[in-house]
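Keep the viewer open and click along.

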Amino acid sequence: MKQRLAKMSNLQQRVIAAVVGVPLIIFMIWYADWTFALLFCVISALTQREFYRLLGLDGFEPLTAYGTLVGTMVCVLAYFIETDMIGTGNYFLICPASSMIFLIKLYKKRDMKPFTNIGFTFLGIIYVAMPFALLIILALRGGTYHPIIITGCLLLLWASDIGAYFAGTKFGRRKLFERVSPKKSWEGALGGAAAAGLVALGLAFYAPELRPWQWYCVGGIIVVTGTYGDLVESLFKRSIAIKDSGSSIPGHGGFLDRFDGLLLAAPFIITFLKLFT
């Protein structure tokens, strides 16, 4: 199967990934709140593990297993607390669990740069796990599950990516941030913004969970922070001299490649909606 996919163009691989992945994601989001939380916990764990693996390629030694465990715990706690199954005080469990990172590294005799690796372990939790936990909190805000909000955010992100891909491929001339990502162009960024704007317009009419102006603002946040999230991940990959974070998703690379825009967008989206709703 991998050999067949390797012979296909990047666009063909992306289409196959979308045909298989998108219906599964949408089903998991809409079936129940627990399937949505399970999906995001799994994606978070896979993305975080991938992040640590890439650091390993550059000679670092983060606590891959334990860091991923703590990150998953953050997502799980977010679900159980926001659904009122357990009290909010349980968020404090994150504190001793995170502090254990120092103690574990204390007994790693062969680690020549323990504090550097401690820092990267925490970075995996903050950069990857916390945004997914925030999305779980966003979907469950007010004690009620809102699948349309998460679906809308994903549709806006996907529309932005698709619009940027086709506009950049067809019209891309002016480099957006050549030092970090030579292939990205201003034309692609504008195409992504236009596509996301059309989706935001549709959501404004058919998704009353948010007011029209809120959908437009969320769309704008996703376009801007999603683009920067992609650039941040490109900077990370360039620093360790690799092209893709993995090969798990045909046409996209790894989980970090696919969800990089969402990682930076999530904190801004939830902050905006918490302040202005």
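## Before you click

This is a predicted model, so treat the distances and angles below as properties of a prediction. Numbering runs from 1 along the chain as its sequence is written.

## The cavity

Let's start with empty space. Rolling a probe the size of a water molecule over the atoms shows where such space is left. Searching the whole structure turns up one cavity of 30 Å³ or more. The largest cavity holds about 40 Å³ of space.

Which residues line the largest cavity? They are Ile25, Phe40, Ile43, Phe132, Leu154, Trp158 and Phe259. Sorted by class, that lining has seven nonpolar residues, with no polar and no charged ones. Two helices, α3 (33-57) and α7 (147-171), each put at least two residues into the lining of the largest cavity.

## Rings meeting rings

There are 15 aromatic pairs by the rule used here. Take Phe27 and Tyr31: their ring centres sit 5.3 Å apart with the planes at 35 degrees, so this pair counts as tilted. Both belong to helix α2 (residues 10-31), and because they are four residues apart there, about one helical turn separates them. Phe27 is partly exposed at 46% relative accessible area, while Tyr31 counts as exposed at 54%.

Now jump to Phe132 and Phe259, an edge-to-face pair with 6.1 Å from centre to centre and 65 degrees between the planes. This pair ties together distant parts of the chain, with Phe132 in helix α6 (residues 114-139) and Phe259 in helix α10 (residues 255-275), 127 residues apart.

Asn117 is part of helix α6. Is Asn117 buried or exposed? With a relative accessibility of 3%, Asn117 counts as buried, because the cut-off for buried is under 20%. Its side chain reaches the backbone nitrogen of Glu61 at 2.7 Å. Setting aside residues up to four places away in sequence, Asn117 touches Phe60, Glu61, Pro62, Lys105 and Asp111.

Thr225 sits in helix α9 (residues 212-239). Thr225 counts as buried too, at 8% relative accessibility. Once residues up to four places away in sequence are left out, the residues Thr225 touches are Gly261, Leu264, Ala265 and Phe268.

## Around the α4-α5 loop

Two residues are worth a stop in the loop between α4 (64-82) and α5 (94-106). One is Asp84, whose phi is near 65 degrees, a positive value in a residue other than glycine. Asp84 is exposed, with 63% relative accessible area.

The other is Asn90, found in that loop as well. At 27% relative accessibility, Asn90 counts as partly exposed. What does the side chain of Asn90 reach? It gets to the backbone oxygen of Gly87 at 2.9 Å. Not counting residues up to four places away in sequence, Asn90 touches Leu77 and Ile81. Asn90 and Leu77 are 13 residues apart in sequence, with 7.4 Å between their C-alpha atoms.

## Distances across the model

Leu155 is in helix α7 and is partly exposed, with a relative accessible area of 35%. From Leu155 to Ala200 is 45 residues in sequence and 8.9 Å in space, C-alpha to C-alpha.

Arg49, in helix α3, is partly exposed at 47% relative accessible area. Arg49 and Leu155 are 106 residues apart in sequence and 25 Å apart in space, again C-alpha to C-alpha. Leaving out neighbours within four places in sequence, Arg49 makes contact with Thr64 and Thr68.

Definitions and conventions
Predicted model: local features only at pLDDT ≥ 70, side-chain atom pairs only at ≥ 80, totals over all residues. Heavy atoms only, no water. 1 Å grid on protein atoms, 1.4 Å probe; cavity = no way out; pocket = protein on both sides within 12 Å on 5 of 7 lines; lining within 4 Å. Points joined across faces, edges and corners; volume = space filled by probe spheres on them. Nonpolar A, V, L, I, M, F, W, Y, C, P; charged D, E, K, R; others polar. Phe/Tyr/Trp six-rings, centres within 6.5 Å; stacked < 30°, edge-to-face > 60°. Buried < 20%, exposed > 50% of the residue type's maximum accessible area, 1.4 Å probe, protein only. Polar contact = N/O pair within 3.5 Å; in protein donor to acceptor, adjacent residues only side chain to side chain. Contact = heavy atoms within 4.5 Å.
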